[in-house]
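Hello,

I am passing a structure on to you, along with some notes on what turned up in it. Please have a look at the structure first and then read on.

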Amino acid sequence: MINFTLTMDVSFDFSSKVVLISGGTGALGRTLVKKFIASGAVTISSFLNEKEAKKLKIENPKVELTKLDMLNEGQLLKTIPQLKRQFGTINILVNVVGGYLGGRTIIDLSETDWDAMMNLNLKSAFLITKHIIPLMKSGNGGNIVHISSRTGLKSEGGDSAYAASKAGLIRFVESAAQEFKEFNININCILPTLIDTDANRKAIPNGDFSKWLSAEDLANVILFLCSSGGRVINGSAIPTYGLS
Ligand SMILES: NC(=O)c1ccc[n+]([C@@H]2O[C@H](COP(=O)([O-])OP(=O)(O)OC[C@H]3O[C@@H](n4cnc5c(N)ncnc54)[C@H](OP(=O)(O)O)[C@@H]3O)[C@@H](O)[C@H]2O)c1
């Protein structure tokens, strides 16, 4: 009889690295925080919600927290230099900020809905990339991973704003990777399908959870992309839906 291990236990060594996880208080973000700390990295998570930040600190006493709205360029202009003063540099950025809006036809979609998706999934990626790159350029380079979605490749309908924002993120990553490859900065994104999170289980109680992605598996891919093993991968949208 064959025994399958549902989630691989993969270990990495990031002991000389400083990592910023934007959105580290979310479902995937929390797993990334735990794994980067376990790999020895100085791990900083941004947050908006104080209660979620407190929970994250209790679960991971070593996490460094910074309150930062990724849609507010003024806050980024203040906070990134502060982080540089405190930690010396940032070697790795994993931008987990994002959200979903579906089940709505284009006719029913408001201008506010459209703008909210573009801001949350696309503008946030542009702003944090813009303000982290100078820090990486002045150091020894770095790694950036954004979270797009398989829906950014192919939509099933009812999610036009989400799909367009995640598709835009794939092209943004390609463009940014070309612009900064000479500075030893790798920029990629991953393309998850449904992740097995509490929020998704609540929203889709009758779903087949066994087909959903584990945050742990996605985190392994992200840590690999940020490791020296992933150095030849740049400007890519990595399919992470192979099991669904
Ligand atoms: N969940 C899925 O099934 C799925 C599937 C495909 C792709 N994705 C993508 O994967 C990523 C992570 O998903 P998730 O389910 O882990 O999301 P999540 O649990 O909703 O977490 C989102 C995170 O983004 C933060 N955030 C939201 N707006 C922000 C802003 N303006 N400034 C700073 N931080 C902000 C939240 O912070 P606070 O908690 O402090 O508000 C939270 O930490 C997202 O990009 C999502 O689109 C998810």
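Helices (H or I, at least four residues) and strands (E, at least two) are DSSP runs, numbered from the N terminus.

Before going further, please note that this is a predicted model, in which local features need pLDDT of at least 70 and side-chain atom pairs count only at pLDDT 80 or more, while totals for chains, interfaces and linings use all residues. Residues are numbered from 1 along each chain as its sequence is written, and side-chain values use heavy atoms, with hydrogens and water left out.

Back to α5 (residues 160-180): this helix lies across β5, β6 and β7, running at about 165 degrees to β6. Such angles run from 0 to 180 degrees between N-to-C directions, with axes fitted to C-alpha atoms, for helices over the stretch in contact. Among the buried residues of α5 are Leu169, Ile170, Val173 and Phe180; buried means under 20% relative accessible area, exposed over 50%, and partly exposed in between (1.4 Å probe, protein chains only). Their cover includes α4, β5, β6 and β7, where contact means heavy atoms within 4.5 Å.

**The sheet**

An open sheet of 7 strands runs in the order β3-β2-β1-β4-β5-β6-β7, with parallel pairing; two strands pair if DSSP finds at least two bridges between them. β3 and β7 stand at the edges with a single partner strand each, so one side of each has no neighbour in the sheet.

β6 (185-191) has 7 of its 7 residues buried. Ile185, Ile187, Cys189 and Leu191 are on one side, with Asn186, Asn188 and Ile190 on the other. β6 pairs with β5 over 6 bridges, Asn143 having Asn186 as its bridge partner. On to β7: 3 bridges join this strand to β6, and Ile190 stands opposite Ile238.

Leaving out residues up to four places away in sequence, Met70 touches Ser22, Ser46, Leu76, Val97, Ser124, Leu127 and Ile128.

Best wishes
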